[in-house]
Amino acid sequence: MLLVPAKLVGAAPSGTGGGDGGPDDEARAQARMREVHAEHAEPLYRFLLRLSWGERQLAEDLLQETMLQAWRHLDRLPDSSESVRRWLFIVARRIAIDAARARQARPTEVGLNDLTRLPASGDVTEDVVVVQTVRRALPKLTPAHRAVLIELYYRGRSTDEAAARLGIPEGTVKSRAHYALRALRAAIGRTDGD
């Protein structure tokens, strides 16, 4: 639950207790604010939760703003607990209304989407361009490199399946695949510049 903000605890509000602003006045102000908070924060939070349509974070923010107003006007708070509660509820209601008006006055906030998680679009143009580019580059590779890439990537075979199909050791398939991809990148670079 909300506590008296630490930055406020160090300095008593102006005009508290009519004293000289010394440490005793500050201690009295802090003690009074703790009493107000302890006695009224929970019912005030429930009230603000209803006003904020169950949005807990908003209700907590509104409660904190209400308590901040109480701290700022601590010297004007009534002495009776019932009067303090009435004052707090009026202030809280006004703060909630102001917050609602502010939200209506500005455009709806839109979070940034993580573009890497968006589904792929139905446009296949990019796929067609990639396929055509690779088709133009494949004939520029050696027959051994081309055969390994076709087995692994076009036919979807595993390394050991490609090795059995091509009649070469599995290590050779891995090595040829590595160098074939490097050669393909180079060939695609030349194809783009043609």
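Q: Is R94 buried or exposed in this predicted model?
A: The model is predicted. R94 lies in helix α4. Exposed means over 50% relative accessible area. R94 has a relative accessible area of 55%, so R94 is exposed.

Q: How far apart are the C-alpha atoms of R94 and L62?
A: R94 belongs to helix α4. Along the chain, 32 residues separate R94 and L62.

Q: What span should the 25 residues of helix α4 have, and what do its end C-alpha atoms give?
A: Helix α4 covers residues 81-105. The expected span is 1.5 Å times one less than the number of residues. For 25 residues that should be 36 Å, and the end C-alpha atoms agree because they are 36 Å apart.

Q: Which helices are included in what covers the buried residues of α4?
A: The buried residues of α4 are V84, L88, V91, A92, I95, A96 and A99. Their cover includes two named helices, α2 and α3.

Q: Is T66 buried or exposed?
A: T66 is part of helix α3. The cut-off for buried is under 20% relative accessible area. T66 has 0% relative accessibility, so T66 counts as buried.

Q: Which backbone oxygen does the side chain of T66 reach?
A: T66 sits in helix α3. Its side chain reaches a backbone oxygen at 2.8 Å. That oxygen belongs to L62.

Q: Which residues is T66 in contact with, leaving aside neighbours within four places in sequence?
A: T66 is a residue of α3. Among its contacts, L88, V91, A92 and I95 are also listed as buried residues of α4.

Q: What is the angle at which α2 and α3 pack?
A: Helix α2 runs over residues 23-51, and α3 over residues 56-72. Their axes are 10 Å apart. The crossing is right-handed. The packing angle is about 145 degrees.

Q: How do the residues of the contact of α2 with α3 divide into nonpolar, polar and charged?
A: From α2, the contact takes in residues including M33, V36, L44 and L48. From α3, it takes in residues including L62, L63, T66 and M67. The division is 14 nonpolar, four polar and two charged.

Q: What separates the C-alpha atoms of L63 and L44?
A: L63 is found in helix α3. L63 counts as buried because its relative accessibility is 1%. L63 and L44 are 19 residues apart along the chain. Their C-alpha atoms are separated by 7.0 Å.

Q: Which side chain does E151 join through a polar contact?
A: E151 is found in helix α6, residues 143-154. E151 counts as buried, since its relative accessibility is 4%. Beyond four places in sequence, E151 touches G156, R157, A162, R165 and L166. Its polar contact, at 2.6 Å, is with the side chain of R155.

Q: How many helices and strands are in the protein?
A: From the N terminus on, the elements run α-α-α-α-α-α-α-α. The count is eight helices and zero strands.

Q: What share of the contacts with a separation of 6 or more comes from residues 24 or more positions apart?
A: The protein has 194 residues, and buried residues make up 30% of them. For the contacts in question, residues 24 or more positions apart account for 60%.

Terms used
Residues are numbered from 1 along each chain as its sequence is written. This is a predicted model: local features need pLDDT of at least 70, side-chain atom pairs count only at pLDDT 80 or more; totals for chains, interfaces and linings use all residues. Side-chain values use heavy atoms; hydrogens and water are left out. Helices (H or I, at least four residues) and strands (E, at least two) are DSSP runs, numbered from the N terminus. Buried means under 20% relative accessible area, exposed over 50%, partly exposed in between (1.4 Å probe, protein chains only). A polar contact is a pair of N or O atoms within 3.5 Å; within protein, one must be able to donate a hydrogen and the other to accept it, and residues adjacent in sequence count only if both atoms are side-chain atoms. Contact means heavy atoms within 4.5 Å. Axes are lines fitted to C-alpha atoms, for helices over the stretch in contact, and angles run from 0 to 180 degrees between N-to-C directions. A crossing is left-handed if the near helix is turned anticlockwise from the far one by less than a right angle, and right-handed if clockwise. Ala, Val, Leu, Ile, Met, Phe, Trp, Tyr, Cys and Pro count as nonpolar, Asp, Glu, Lys and Arg as charged, and the others, Gly among them, as polar.
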